[in-house]
Each structure stands twice: as structure tokens, then as C-alpha cells.
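Me: Hi! I'm new to this one, could you walk me through it?

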Amino acid sequence: MEDQALIDAALSCGAAKATLLDQQQIVLSETFRAICESNQCGGYGKCWMCPPYIGEIHQLMDTVRSYPRGLWFQTISDIEDSYDIEGMFEAGARHAQVSSRIREKVAPLLKQPFLLLSCGGCHLCEVCAKQEDKPCRFPDRALSSLEGYGVDVYNTTKDTDLKYINGQNTVTYFGIVLFSE
Ligand code: SF4
């Protein structure tokens, strides 16, 4: 698999930038579970693809470590200002759509099973079925988050070309496709 083919796939699906990471470049920390549990986003326990439903943090970190490489990508969206919660939510939904397109695009390029992690919860449905105590509507497409698996986005991206912050009145979200080859 050519690295550039994977990067081009991500860009063609709407990612602003993408790069390839080796496993040791992915920074993990169990502290992200406590951050999820503090419920600053207001979404803890409200989405099937968020804690506590996705599993124990150390097992999920081991899962991340089981893949030797990752396609690291970001979307950058405009918002009105730093209080534009609606704009941030729309940007999250857009990031989920880009992530879904990337999953479809890279599937034929990768020979082995892979794992796609997006950012800050699933976002595929306007309201997750968990909030109605119903099963997930799209279990084959549902997106877990980097944070839920213990990925430290800031420290993973700081030595790459993908900036964590991309200017005033923008919001940046990240994702990764973990793969073997
Ligand atoms: S696909 Fe819909 S129902 Fe399933 S986890 Fe995502 S938001 Fe919830």
C-alpha cells in the first residue's frame, strides 16, 4: 500500500490535511476516561459509541497499540466565534460524514481489518438511539472517538504538519484509521 494513496483518499473525502503515523507517534493516556466521566461535553452515557458503553480504557488502548500504523487526518470548519455551539455541532456532524467517507474509501486499499476513530462521539445521528434506549441504528457505521480510546490528540499531532488550532473562528477535529498494511 502506497502511503500517498491513503493520504489522497482522506483528502478526496474532505479532510483538510492527512499524514501517516507510526504506532510510537500515537500518544495515549488513561486520563481521558476521567475527562469523559466529568461530562464536560454533556454527552457522557448518551451515545452508544461513548463511555461507558465502549469498554474499559486499558483494553481500548491495547487495541490502538495492536495496529502498527495510522492514517491521521483533520477537518477544519468555520464557525462564527468561540461561543458558536451550533456551529461546532454542525462541524462535528460534518467531520463524522468525512470520517464515514474515508472509511469507505480506504476499505478497498487496506488488506487487513482496520479501525477508524473519529472525534468527540459518534455524531452520525442527530440524536443517538441510546437516548431512547433503542439499539444503534447503524452499527456497521457508528464512530467511536479518539478520546474514548485514550488517544491524546494534542500530543499526537504536535510534531506533525497537522496543527491542533487553525486560526480564529475555526474548529478543527481529528480522526485516525488504524491499520496493519
Ligand atoms: S449510529 Fe446513531 S444510534 Fe448508532 S451510535 Fe451513532 S449516533 Fe448512536
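Reply: Happy to; we can go through the core, a helix pair, the ligand and some loop residues.

Me: Before we start, what kind of model is this?
Reply: This is a predicted model.

Me: Thanks. How many residues are in the largest nonpolar core?
Reply: The largest nonpolar core has 45 residues. Those with the most contacts inside it are A10, L71, I102, C122, L146 and V177.

Me: And which helices and strands supply at least two residues of this core?
Reply: The helices are α1 (3-12), α2 (31-37), α3 (57-65) and α4 (85-106), and the strands are β2 (69-78), β3 (115-118) and β5 (170-179). β5 gives the largest share, with seven residues.

Me: You mentioned L71. What does L71 touch?
Reply: Leaving out residues up to four places away in sequence, L71 touches L6, A10, A18, L20, V106, I176 and V177.

Me: Let's switch to helices. At what angle do α1 and α4 pack?
Reply: They pack at about 145 degrees, and their axes are 8 Å apart. The crossing of α1 past α4 is right-handed. On the α1 side, L6, A9, A10 and S12 make the contact, while α4 brings I102, K105 and V106. By class, the residues of this contact are five nonpolar, one polar and one charged.

Me: Now the ligand. How many residues surround it, and which are the closest?
Reply: There are 13 residues around the ligand, and the closest are C122, C125, C128, A129 and C136. That shell has 11 nonpolar residues, two charged ones and no polar ones.

Me: Where is S38, and is it buried or exposed?
Reply: S38 sits in the loop between α2 and α3. S38 counts as exposed because it has 9 C-beta neighbours inside 10 Å, and the limit for exposed is 12 or fewer.

Me: What about N39, what is its phi?
Reply: N39 has a positive phi of about 60 degrees, although it is not a glycine. N39 is in the loop between α2 and α3, and N39 is exposed because 12 other C-beta atoms lie within 10 Å.

Me: Which other residue has a positive phi?
Reply: D133 is one, with phi near 55 degrees, and it is a residue other than glycine. You'll find D133 in the loop between β3 and β4 (144-145).

Me: Last one: which peptide bond is cis?
Reply: The bond from P51 to P52 is cis, with omega near 5 degrees. P52 is placed in the loop between α2 and α3.

Definitions and conventions
Residues are numbered from 1 along each chain as its sequence is written. This is a predicted model: local features need pLDDT of at least 70, side-chain atom pairs count only at pLDDT 80 or more; totals for chains, interfaces and linings use all residues. A nonpolar core is a set of buried Ala, Val, Leu, Ile, Met, Phe, Trp, Tyr and Cys residues joined through C-beta atoms within 7 Å. A residue is buried if 20 or more other C-beta atoms lie within 10 Å of its own, exposed if 12 or fewer, and partly exposed in between; C-beta atoms are placed from the backbone. Helices (H or I, at least four residues) and strands (E, at least two) are DSSP runs, numbered from the N terminus. Two residues are in contact if their C-beta atoms, placed from the backbone, lie within 7 Å. A residue is near a molecule or strand if its C-beta atom, placed from the backbone, lies within 6 Å of it. Ala, Val, Leu, Ile, Met, Phe, Trp, Tyr, Cys and Pro count as nonpolar, Asp, Glu, Lys and Arg as charged, and the others, Gly among them, as polar. Axes are lines fitted to C-alpha atoms, for helices over the stretch in contact, and angles run from 0 to 180 degrees between N-to-C directions. A crossing is left-handed if the near helix is turned anticlockwise from the far one by less than a right angle, and right-handed if clockwise.
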